[in-house]
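Have a look at the model first.

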Amino acid sequence: MAKPGHAWSRAAAEQGEAEEGEDPLDARIARTGCLEQHRQLQECMAERQDWRHCQEQLRAFGACMARRQQWQ
């Protein structure tokens, strides 16, 4: 199963920009410590195709990112 990515990064890659094999947004999120929550949200969205069905994952990712903001 293909890993869901971000449309803007795919568009940039299609325009000829070098892609290093990892989504730049995923790399930034990984530095926050919230990558697992983000991937769970992406997987839910890919499966369900409706963010309303992914509220648990959305809240978990949002809470993780909020905690990260408090540290800065």
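Which residues are buried in α3? They are Leu35, His38, Leu41, Gln42 and Cys44, where buried means under 20% relative accessible area with a 1.4 Å probe, protein chains only. An α-helix has 3.6 residues a turn, so residues three or four places apart point the same way.

Before going further, a word on what you're looking at: this is a predicted model, with local features needing pLDDT of at least 70, side-chain atom pairs counting only at pLDDT 80 or more, and totals for chains, interfaces and linings using all residues. Residues are numbered from 1 along each chain as its sequence is written, and side-chain values use heavy atoms, with hydrogens and water left out.

On pLDDT (the predictor's confidence in each residue, from 0 to 100), the chain averages 79, and 69% of the residues score at least 70. Among the elements, helix α3 (residues 35–48) has the highest mean, 95, while helix α1 (residues 7–14) has the lowest, 47; helices here are DSSP runs of H or I, at least four residues, numbered from the N terminus.

Back to α3. Its 14 residues reach 20 Å from first C-alpha to last, close to the 20 Å expected at 1.5 Å a residue, taking 1.5 Å times one less than the number of residues. Just after α3, Gln49 takes a positive phi of about 60°. Gln49 also turns up beside Cys44: leaving aside neighbours within four places in sequence, Cys44 is in contact with Gln49, His53, Cys54 and Gln57 (contact means heavy atoms within 4.5 Å).

Note on methods. Helix = DSSP H or I, 4+ residues; strand = E, 2+ residues; numbered from the N terminus. Buried < 20%, exposed > 50% of the residue type's maximum accessible area, 1.4 Å probe, protein only.
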